[in-house]
Amino acid sequence: MINKKVIKDIESLQKHIKSAHPSFYFSSQTSTVIPYDKIESTLDTDNDYYLCDLSQMPKSMKILENGNLKVEGAVSWKEAREFLIPKGKTIKTAPTEELALITAGAATSCTGERCFHFGNLRSQIHNITYVNHKGETQVLSKDKPFPYQSDRLKVYQQEFKLYENYKNAPYPRFETETDLLIGTEGQLGVITEIEIEICDDEAVTHLFILLPKWEENPQAHMEIIKKVQAFKNDIILCELIDSNAFSFLSEEDRPNKGLDAIFLEIKSSSFDKVYEEFIFNLSCVNQEEIFELNASKFHNLRASIPRAVFEENSRMGVTKMGTDVQVKIEDFEALLAIYQSFSKLGVRYNLFGHFGDAHLHFNFMPKNEDISKCQDAFQNMYKEVAKLKGSPFAEHGIGIIKQKFIKEFWSKNQIDLFQELKQNYDPKNQFFPQGFMNLR
Ligand SMILES: Cc1cc2nc3c(=O)[nH]c(=O)nc-3n(C[C@H](O)[C@H](O)[C@H](O)COP(=O)(O)OP(=O)(O)OC[C@H]3O[C@@H](n4cnc5c(N)ncnc54)[C@H](O)[C@@H]3O)c2cc1C
């Protein structure tokens with residue numbers, strides 16, 4: 001049976017954890033890998049199971065003396081940005097879904113468009129406060145080593161090296177103490193506070209570049225992705241929205257003339273350099289197809305399309321069928337070739353995402369009768385991604401929906417280490433027991 005509980009303060013959280021009921025703790029419910037529309041049937045067990053809503057935990061924010069931001073409770077990325085901007089500061093991580101909570105962002109090891117310049121959230125987290133299986137509040141620090149040391153962990157860390165340059169790997173990075181709760185998706189405790197780095201709110205300029213459709217001719221895409229890598233210090237984000245994704249906007253809101261578009265946020269102090277050394281030298285792009293956009297239009301365009309795609313799938317009753325694959329820059333053409341083969345399956349689709357990081361979301365928008373065809377295509381794709389040593393789930397995590405695709409990427413060692421961690425940090429198996437750490 002499923003029970004629902006809204007947790008409104010730390011004391012109630014501690015009390016509930018001490019009761020040891022198996023529970024799923026959620027925040028803003030924007031995860032694309034948890035099927036929230038059918039969560040009760042997905043998680044239902046014979047036990048007395050609880051769905052625990054953390055979105056009403058009391059919230060507060062404070063800039064500390066060391067310049068970091070301390071976030072307590074149910075603070076979203078949007079609220080943090082709005083708190084910081086009047087102080088001349090801003091956040092370094094910006095997931096496209098700004099209503100997600102920052103504490104949940106640590107649990108999912110979230111990233112986002114600004115990762116191109118600033119790296120992932122994990123690298124910006126200094127401390128995490130969480131409630132453990134005994135109901136005790138504990139603080140984890142980035143400056144201390146991973147708290148559980150064993151020979152198995154050494155092998156795990158060795159195997160992780162394959163993925164160390166990706167935003168996220170097919171299994172969490174266990175190096176520092178904070179990593180116990182980063183990317184483990186709430187399976188080892190509940191995060192209540194977090195201390196993250198912030199930065200100055202620098203002046204920026206927004207450009208978008210129109211280019212031919214990637215399905216027909218990816219030459220311009222390839223030229224840009226290779227050349228933009230040299231400008232990571234100057235360009236904050238480099239995103240793609242393809243011509244199909246624009247169709248989710250009303251016609252008068254589409255600036256793309258039926259083409260694909262790359263969006264760039266450039267530090268204004270670096271604009272001349274970026275223009276002269278990068279943009280002006282692009283041989284596959286028509287210089288007349290490069291435009292400046294104001295900041296609000298730029299951000300609205302960027303955020304509204306992924307949201308519309310997600311909402312349309314929910315409306316159609318289809319669980320999101322999107323990819324979250326990141327590959328090495330030198331393998332990007334191979335990834336596009338896989339997506340080109342998907343585009344020929346006769347199923348509606350679109351492509352967008354974090355282009356500069358070689359990390360795109362290809363979304364099928366299937367009718368019910370097309371779903372198994374799309375599943376087969378994904379199954380084959382993950383085999384190819386494994387051969388390329390790419391990262392299959394670079395930012396949205398594994399949740400429940402991606403568990404069926406994991407086997408190409410794990411050895412017995414990951415499974416055994418997860419079991420040891422669960423036994424140590426969740427001996428009663430009360431934290432999200434259906435999560436990936438319990439897979440056999
Ligand atoms: C349109 C759209 C765009 C998106 N863009 C991005 C993007 O750019 N980058 C990105 O990384 N993600 C993105 N996402 C995915 C999603 O926003 C992130 O995974 C986000 O971190 C989830 O936050 P949430 O508050 O909604 O968490 P929920 O969906 O409520 O929970 C997600 C997971 O975290 C666990 N959890 C939640 N809170 C806690 C806590 N306090 N302690 C421990 N565990 C917890 C839950 O058990 C669950 O497993 C996008 C989603 C959508 C719909």
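What distance separates the side chains of Glu265 and His206 in their polar contact? In this predicted model, local features need pLDDT of at least 70, side-chain atom pairs count only at pLDDT 80 or more, and totals for chains, interfaces and linings use all residues. Residues are numbered from 1 along each chain as its sequence is written, and side-chain values use heavy atoms, leaving out hydrogens and water.

The side chains of Glu265 and His206 meet at 2.7 Å; a polar contact is a pair of N or O atoms within 3.5 Å, and within protein one must be able to donate a hydrogen and the other to accept it, with residues adjacent in sequence counting only if both atoms are side-chain atoms. Glu265 sits in strand β13 (residues 260-267), strands being DSSP E runs of at least two residues and helices H or I runs of at least four, numbered from the N terminus. Glu265 counts as buried because its relative accessibility is 3%, where buried means under 20% relative accessible area (1.4 Å probe, protein chains only).

Turning to the ligand, 36 residues surround it, and Tyr25, Ser27, Gln29, Thr30 and Tyr36 are the closest; a residue is near if one of its heavy atoms lies within 4 Å. A ligand oxygen atom is 2.9 Å from a polar backbone atom of Thr96, and a ligand nitrogen atom is 2.9 Å from a polar backbone atom of Ile191. The protein covers 98% of the 980 Å² of accessible area that the ligand has on its own (Shrake-Rupley method, 1.4 Å probe). Helix α4 supplies the largest share of the shell, five residues.

Terms used: Buried < 20%, exposed > 50% of the residue type's maximum accessible area, 1.4 Å probe, protein only.
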